[in-house]
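Trainee: I would like to go through the labels used for this model and ask what stands behind each of them.
Mentor: Go ahead, one label at a time.

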Amino acid sequence: MKCPRCDSEKVRIMTKSPVGDAWEIYVCDHCCYSWRSTENIQISEIFKLNDEKIANMGIIPPIPPLKK
Amino acid sequence: MTKVYKDLRDFLATLEEEGQLVRIKEEVMPEPDIGAAGRAAANIENSPAILFEKVNGYNYSLVTNVHGSWRNHALMLGLPKDTTIKEQFFELNRRWDKFPVPPKILAREEALCKENVITENINLFDILPLYRINEQDGGFFLSKASVISGDPEFPEDLNKLNVGIYRIQVKDVDRLAIQPMPVHDIAIQLAKAEEKDEPLPVAIALGVSPLVTFMASTPVAYDQNEYEFVGALQDGVPCEIVKADTCDHLYVPAHAEVIIEGYIIPRKRFVEGAFGEFPGSYSGCRKQCEIQITRITHRTKPIFENLYIGMPWTETDYLVGLNTSIPLYKQIKATMPEVVAVNAMYTHGIGVIISTKVRYGGYGKGVAFRLLSTPHGMPYSKIVIIVDEYVDPFNLEQVMWALTTRVKPSKDVVIIPNCSGMVLDPSSNPAGMHDKLIIDATTPVAPEPNPRSCEMLVPSPATPKWEEILRQLQHAAQKK
Ligand SMILES: [Zn+2]
């Protein structure tokens, strides 16, 4: 299975429904997208991710320098 | 005695009695049903809270739109549900001055949030019916969680305890992402922990009494304790809190439905988002902090409380509307006692309407300048409308009347270019700079000439009596 947002194959089952066999939740370990097996996932072009976008993302809040 | 709610369940019972809570008894799908119902509730007037009793695949129930109408907001304050916004404003303003009211610290066995404890095989999906709120969100979010954190430098100082609402993404069964913006109190605490490469302990409360959520979404000063404000807004009745299990200096609402405890992992950031936000547009992906969950306590059959967020008005706007207006009112009123009321409810105070008595010519514009020099008004407020003291600034029909009958654009409409602006306002360019628009819709007073003064209609003194009669008759008719 591929991640619908970044096409990575580093996708795993995060969990299954606590009641019955209703659904599974998947998560992409590359871009952190998560979704349910019962969803019809259609990600807009603007929200698709690739390595370049991930590398250039802003960091909130900034990490302060270590104090000795 | 003001009606004060012990916990979320107590408030939900009142909402139901007042016809301001509906139950969805049929099973719903997590997507798209719950997000869609949240949007739908935002679209209709006097909207009730919505309790979903059964969500496909999950154990427990879920409630949304708890604060999502002026009726529910009035009931939160223990007022009759038809209380006008202006009356709610003055009541809040009165209670605000009761700060500080120290919280009541309960023993562990008195706190209902401790009924059940999970320390192994933690899985949020076992406890919470999580769902995607808006279609392009990057996952499942907690949009109405009160996050409690302390100052690592002064852990014993309860005044530096912070209770705030931050957007939280579920990253794994026992991991959450949190968004502390650099201006938020928790970011100050996190920086102190990260400088030493230490984890920052946090507790997250879900499903709390309505004024706790209200205060958690109010920006107060860093050394003002939100729980002491809750006591003030409960008209002097202390907020009940209890010590967290995993951290001695964190206190949580005693009867919360669910308490998640853990710590922010220091010096690491992970992809978070996208997430549909309050201006009605998405905020994209960024790298943010994550929380490792170490313990969950919860009430038996916990109710998950969450909110829909999107283009105004949504539940979010009811939560931040009056608590943005009141601090501005207090600041302006301190030097300009003629000011009657401040409505800063539009997109977090970007749009503001102030009613004031006009002491002398040009006073209306002076009030606008005063607003634009307050700490919040300087960056945020962009469109300022000033109306006479008898115009209710919360009644937009009256405000439109003032604009249409009092404004001469060539002298009353002023644009001040190149001032400070609000970064998240998409029309601010460069981000953080903006023009200011002042519309003075007050009646001219000397020395400003008023060449066509008019004779105002004066309502009969019997009008309030008749308002009351009509209200009661209508109320009786609705009950049939
Ligand atoms: Zn991915």
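Trainee: How many residues of chain B are in contact with how many of chain A?
Mentor: This is a predicted model. In it, 45 residues of chain B are in contact with 38 residues of chain A. Together the two chains bury about 3,300 Å², 58% of it on carbon and sulfur atoms. B:Gln136, B:Glu195 and B:Lys287 supply 19% of the area that chain B buries against chain A, more than any other three residues.

Trainee: What makes the pair B:Glu195 and A:Lys67 a salt bridge?
Mentor: The N to O distance between their side chains is 3.4 Å. The cut-off is 4 Å, so the pair counts as a salt bridge. Between chain B and chain A the count is four salt bridges.

Trainee: Why does B:Lys86 have no salt bridge?
Mentor: B:Asp392, the nearest side chain of opposite charge, is 4.8 Å away. A salt bridge has to be within 4 Å, so B:Lys86 has none. Not counting residues up to four places away in sequence, B:Lys86 touches B:Val340, B:Asp392 and B:Phe394.

Trainee: Why is B:His298 called buried?
Mentor: Its relative accessibility is 7%. Buried means under 20%, so B:His298 qualifies. The residue is in strand β18 (residues 286-298) of chain B. Leaving aside neighbours within four places in sequence, its contacts include B:Cys113, B:Glu115, B:Asn116 and B:Glu257.

Trainee: How far apart are B:His298 and B:Asn116 in sequence and in space?
Mentor: They are 182 residues apart in sequence and 5.2 Å apart in space, C-alpha to C-alpha.

Trainee: Which residues have the most contacts inside the largest nonpolar core?
Mentor: They are B:Phe125, B:Leu130, B:Leu142, B:Leu176 and B:Ile260, in a core of 127 residues. Helix α9 (residues 315-335) of chain B gives the most to this core, with seven residues. The core draws at least three residues from each of domain 1 (8-317) and domain 2 (321-441) of chain B.

Trainee: What does B:Leu130 touch?
Mentor: Not counting residues up to four places away in sequence, B:Leu130 touches residues including A:Arg36, B:Tyr58, B:Phe125, B:Leu142 and B:Phe304.

Note on methods: Residues are numbered from 1 along each chain as its sequence is written. Chains are lettered from A and ligands numbered from 1 in the order in which they are written. This is a predicted model: local features need pLDDT of at least 70, side-chain atom pairs count only at pLDDT 80 or more; totals for chains, interfaces and linings use all residues. Side-chain values use heavy atoms; hydrogens and water are left out. A nonpolar core is a set of buried Ala, Val, Leu, Ile, Met, Phe, Trp, Tyr and Cys residues joined through side-chain atoms within 4.5 Å. Buried means under 20% relative accessible area, exposed over 50%, partly exposed in between (1.4 Å probe, protein chains only). Helices (H or I, at least four residues) and strands (E, at least two) are DSSP runs, numbered from the N terminus. Domain bounds come from an automatic or database domain assignment. Contact means heavy atoms within 4.5 Å. Lys and Arg count as positive and Asp and Glu as negative; His and the chain ends are not counted. Buried area is the accessible area (1.4 Å probe) that two parts lose on being put together, summed over both.
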